[in-house]
Amino acid sequence: MPEVNIQHLDKIYDGGVQAVYDFNLDIKDGEFIVLVGPSGCGKSTTLRMVAGLEDITAGKLIIDNKDCTKEPPKNRDIAMVFQNYALYGHMTIYENMAFSLTLRKENKEIIHRKVMAAAEILDLKTQLNKKPKQLSGGQRQRVAMGRAIVRNPKLFLFDEPLSNLDAKLRGSMRRELILLHKKLNATIMYVTHDQTEALTLADRIVCMSMGHVQQIGNPIDLYEKPANTFVATFIGLPPMNMFEGKVENGHFKNQLFDYPLTEKHREILKDYEGKEVILGARPENIIRPGPVKLHVTNNENLGMNTLVHGKVAGVKYIVCKFAEWCNYKAGDIIDIGFDPDKVHFFELPAKDENGKELPGKAIR
Amino acid sequence: MEKKTPDQITISHDIMRYKKNKWAQVLALLGLVFNCLYFMLLYAENDKYFYKITIGISVILTLIILLATFLSSENVKNYNKTFSYVLLGIAAFQILRIFGYPLYGLKNKILTAGYFGFYPTPEQSGIIFTIFVVYLVASAACLTGAAVIGWVQATRLEAHMKKVESGEVDVMQVIKRMDEKDSSNAVHTVSDAVLDEALKNATAEENAQGEVK
């Protein structure tokens, strides 16, 4: 499997709208890269540029040491799997999987060997004589993957392949994808807006917002060391709770609460004395008791944990996740704090030269 | 031409499990087309005797042959041996038809149908008779070809399926063997042993991380 280098990729549409800004990424051989971000952040556009379905406005795309920036899709040796499967309804599963090879006028025997090998990997051997409409969503998606596998491409591209499946099937397909990646040792670029998929599948995640790359790193890094407020709130469910406040005399203060900082926090925030910063705490890192008063609005027992929704000092809405079964009622006031080892600090959002708001950078 | 190895033969037989017998189907349909050309010419004849007495029977017969041929073409496509015999029967009947109205018309010099701007005189009946014979023989030949190909392929598939079901042949093993010999045309996968090793290492790594935490 080859390496892929994406250098300073820009996409500007005819109307002047810029969808992707200066995208840089080096993908290693056999790596599973997940592009994650909200709708309209440019992740699918980036993938389509790599596939050759969109022109690259500026930048370079190098696949296996070959400059593919201007190459048509058929010369890039990549395979793409779409959200809507894109199977031919009038063909059998076998014919669907063999289609690209038939177009290349491959020998029938070789086509058969490849299709059967892919069907074996994907557990589709008993479905080969059926038509796509006779299969379930998960099976259809496997066929779409099979069609990609038989081509032995240099790079697999997946554009939200699990979005059409129900939650249970999505879970099992995720596990199958992990196994498939290991089995094929394939280099994969995978687009999703689902952070669970991103965290479970990726070797590295590329988190995007508004066409910009916000952070590239392995899943645990994005979760534990978010680069900015966007990544902090996007990765993790429920999202991280954010509080604006000032650093004053070893305390984080705002109108809602006064939070004493630990020695470690003071060291980190020594350049921010008297300045406004953002304190971030994940719902699962909220502890009891603590110096902050939470007015409970809702208590959701999920079996293995409880989500407690409430307003800090009756004003700022936050969510807490407690490991045990809780029975708080609306109107209860509980004392909460933040796990000192897991609290994050960020700068306030800044503005770029065009007046666009940038997420606040992490303070470490 | 290079002689096929036993593995290649197994693969070519296994392909039939997933591919229709299109040759047999196309030949059967071609036979049907020649039959259509035959009856178009037949019904262009303006012989009063034929129109009064036999036209009803002829139309019914034609319809039956059309339907039976089409049904057979669909079945031989799916490797149904029985319909190869039906096609052979129809082919034989097409030959017999030469000795029906075409021969009667030739003897009585009544084959005078206008055909593509050609209007034969009663003395030229032989020309139309020849065209009738060509259509019927061509139809019979196509149907026979379809029947033979259908029967041979169906028999091969039947034998292959018996071997697969009895475990005498394991297609996946054959493919693996061929892939080992010709890895450039194989789906590139990590072997189970390597995968198991990787999974073992990953689990050990996770456990070690857990202990550190």
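Analyst: A residue is called buried if 20 or more other C-beta atoms lie within 10 Å of its own, exposed if 12 or fewer do, and partly exposed in between, with C-beta atoms placed from the backbone. The model is predicted, and local features need pLDDT of at least 70, side-chain atom pairs count only at pLDDT 80 or more, and totals for chains, interfaces and linings use all residues. Residues are numbered from 1 along each chain as its sequence is written, while chains are lettered from A and ligands numbered from 1 in the order in which they are written.

User: How do you know on which side of H1(B) its buried residues lie?

Analyst: In helix H1 (residues 6–15) of chain B, the buried residues are B:Thr10, B:Ile11 and B:Asp14. They cover an arc of only 95° around the axis, which puts them on the same side of H1(B); the arc is that of the directions from the helix axis to the C-beta atoms. Helix H3 (108–121) of chain A is among the elements that cover these residues, together with helix H6 (125–166) and helix H7 (171–181) of chain B.

User: What makes up the side of chain A that touches chain B?

Analyst: The contact takes 22 residues from chain A and 19 residues from chain B. On the side of chain A, H3(A) gives the most, with 11 residues. That side divides into 10 nonpolar, 5 polar and 7 charged residues, where Ala, Val, Leu, Ile, Met, Phe, Trp, Tyr, Cys and Pro count as nonpolar, Asp, Glu, Lys and Arg as charged, and the others, Gly among them, as polar.

User: What is meant by the largest nonpolar core, and which residues have the most contacts inside it?

Analyst: A nonpolar core is a set of buried Ala, Val, Leu, Ile, Met, Phe, Trp, Tyr and Cys residues joined through C-beta atoms within 7 Å. The largest has 102 residues, and those with the most contacts inside it are A:Ile33, A:Val34, A:Ala118 and A:Met189. The largest share of this core, 7 residues, comes from H3(A). Leaving aside neighbours within four places in sequence, the contacts of A:Ala118 include A:Met97, A:Ile149 and B:Val187.

User: Why are S2 and S5 of chain A said to stand at the edges?

Analyst: Two strands pair if DSSP finds at least two bridges between them. The open sheet has 4 strands in the order S2-S1-S4-S5 (chain A), with antiparallel pairing. Strand S2 (18–27) and strand S5 (66–67) of chain A each have a single partner strand, so one side of each is left without a neighbour in the sheet.

User: How do you know that S1 and S4 of chain A pair?

Analyst: Strand S1 (residues 4–12) and strand S4 (residues 58–63) of chain A run antiparallel and are joined by 5 bridges, and because pairing asks for at least two, they pair. Within S4(A), A:Lys60 is the bridge partner of A:Gln7.

Notes
Helices (H or I, at least four residues) and strands (E, at least two) are DSSP runs, numbered from the N terminus. Two residues are in contact if their C-beta atoms, placed from the backbone, lie within 7 Å.
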